[in-house]
Amino acid sequence: MKHTEAKQQHPALYLEVCCQHEEPRLPLHTSIALFLLSYCECKSFFKVFLVCTKSVSSVSLKSQLPETLDVSDIQVEDLPRLVRGCRLPAVLDETGSLCRAGLAVVLRHIINKTLEADPSRNDVLALLGFKKTCLKACAEVSKWTRLCEIGIPSAVEEHLKNPSNQLQQPPLPILTLERRLAEPVKVHNDDKIRRQKLQEQRRDEKKTESKEGQGDPEHESEPGQSPQVHDGLELRAALAKLSVDSVPTSTTRENSEIRKVKTTDLPPLEHVFAEGLYFTLTDVVLLPCIYHYLSSLQTHAANTLHQLPHLLRWYSRVQEVPGVLRAAKACGVTLTIPQVPPSSIPVLSAEDDPAHPLEQEESLAMTSQLPFVGGPRPTLTKLKENGIEAVFAPHPCPAWTLPWESLPTAINPTEGKMSNIRAVRKRQQLNNLVAMVTELARPGSTIVDFCSGTGHVGIVLAHTLPDCQVVLIENKEESLVRAQSRSAELGLQNIGFIQANLDYFTGPFHIGVALHACGVATDMVAEHCIQAGAAFVISPCCYGFIQNAIKFTFPKSKRFQETLSYKEHMILCRFADQTAVQLPPDRRLIGKQCMGLVDLDRSLAAEAHGYSVRVMTMEPESCSPKNNMLVGRPPQERSGLDVDAGQLEEVVHN
């Protein structure tokens, strides 16, 4: 069917279909989304589209699709523009202007839509976890989100392509999860639960001693077995959280002897589910992945199961959650417990745990990244001796400003909840970025406002440059919804919104802009622009948060790498944050030098890709303690970086 971008009655959910051996197949991310839809019993909340690059029908996949869903096929070329620029899964709202992309973002949105329709669904609300933060942190900064959203699904997908090649050792992400499930858990108010557990343990010990004294061989337990203690309290607490009437919470208060026990002497709580005691969205993500992985092992490498005792125990417990078996059946999945004799499942120690090498690797990485102790002067001196000093390009139009008094109220930063002084500084920051972007833009250009927040930069650009398309990308839903509301108030037609981690945006664009991109977010934006061959205007922030990440190692440029160690570079980053107005002038001056050097390293790294980059200072300097601005042109646009302020005035006012 032909899909249009017109307003629709329900949000549209786009799920990928891939082909394997000329047959359509549902990737894990799609299976996970369908499982959650079934678990939440979403009947008419979404119009579901299965997206495939080839002309295949979803008819052969009917057994894997919940019957209650309204499902249609769509080809890639027919996708709405915003969706086409994102990795799937993705949801396009009723207006067609806000796209939510990426597994965690889409799953959290499905949960929120379910709760909007039925606020009494405590089981669905519990999926969001404590303080509703489950999988909320983006994968670029959270190792746990990255493991669950990307690492494990990708590893299982790779395993399923050729399971016979991986018979002996489980994939590293699976081993990481196994190790995580073996660790004690900390939950809110766990002191009370641990005291209840201690009380149950002592009660069971008394019963055992009594039976042993009576010589009852039928009740003698096997060495190392304590099933009542092992699964008792934690599992009851977990199921009680889901409002399971048949498994009530314990209301018995601990006796005085138990209350006197020190917290440090209380027994630890064991994992019931992936994030601790309670069934959350993380378990929903992992279940289809582990189901397919374990099913493959039983066919090709059953012996590998012996390396995953905690994972098997988790897999068994998940199936006890009300609604899980029903949801799985609706998706054509019959969950079974892998047939592994209990006596053959080893109890792993830290020394023989297959995930232990990973822990050693992480420990070594942490050791190599210990904070460098000392001041910045030796590092600054070392750089100067090697001919490296911070150089700031002159601002091409320091007095240029937007006509704030004549702009609509919804554009002005004073519309938000900020003080007058802060609003003035925000307008000054916007003057600088808009001036640079306006000079770079051409009619028909696509401008992406990365880390857009509530849209201060993107909305001004969309209003100022009506012949350009502006896309705001932000991970925080609340901020993006507010930006969309401000845009609607202005009646802007050349603006779109994407809630996603930066990596989930794959569309083409001409200019990337970011105001106060924190830490490595600046490097992520610059990398995205370089990969797209786009110009960039970036104001960095939070230099102290810069550290080696999955994609980046510091220093970035060859010249800095030949001069500084990682620890010395971290010194620059740490002191680059010391530019607050409350600090002594000499301290702020050193901080500004460090900012310039960190951004010089970034600019040199971009120049290695053929870019022309200038590090500038915003005007006036007092507009922000973090007043640096990186302006880069791709190789094909390197000529003439200077800006004519008169031309800018003409563009803005016309």
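Tutor: Both F450 and F505 are buried, where buried means under 20% relative accessible area, exposed over 50% and partly exposed in between, with a 1.4 Å probe and protein chains only. This is a predicted model, so local features need pLDDT of at least 70 and side-chain atom pairs count only at pLDDT 80 or more, while totals for chains, interfaces and linings use all residues. Residues are numbered from 1 along each chain as its sequence is written, and side-chain values use heavy atoms, with hydrogens and water left out.

Student: How many helices and strands does the protein have?
Tutor: There are 22 helices and 14 strands in the protein. These are DSSP runs numbered from the N terminus: helices are H or I with at least four residues, and strands are E with at least two.

Student: And what share of the residues is buried?
Tutor: Of the 654 residues in the protein, 54% are buried.

Student: Let us turn to aromatic rings. How many aromatic pairs are there?
Tutor: The count comes to eight aromatic pairs. Rings of Phe, Tyr and Trp (its six-membered ring) pair if their centres lie within 6.5 Å; planes under 30 degrees apart count as stacked, over 60 as edge-to-face and the rest as tilted. One of the pairs is Y14 with F49, which is stacked, at 5.2 Å centre to centre and 15° between the planes.

Student: Where in the chain do Y14 and F49 lie?
Tutor: Y14 is in strand β1 (residues 12-16) and F49 is in strand β4 (residues 47-52), so this pair links distant parts of the chain, 35 residues apart. Y14 is buried, with a relative accessible area of 0%, and F49 is buried as well, at 2%.

Student: What about F450 and F505?
Tutor: F450 and F505 form an edge-to-face pair, 6.4 Å centre to centre with 70° between the planes. F450 lies in strand β8 (residues 446-450) and F505 in the loop between β10 (495-499) and β11 (511-518), so the pair ties together parts that are 55 residues apart in sequence.

Student: New topic: is H159 buried or exposed?
Tutor: H159 is buried, with a relative accessible area of 1%. H159 belongs to helix α5 (residues 143-161).

Student: Which side chain does the side chain of H159 make a polar contact with?
Tutor: The partner is the side chain of S296, at 3.1 Å. A polar contact is a pair of N or O atoms within 3.5 Å; within protein, one must be able to donate a hydrogen and the other to accept it, and residues adjacent in sequence count only if both atoms are side-chain atoms.
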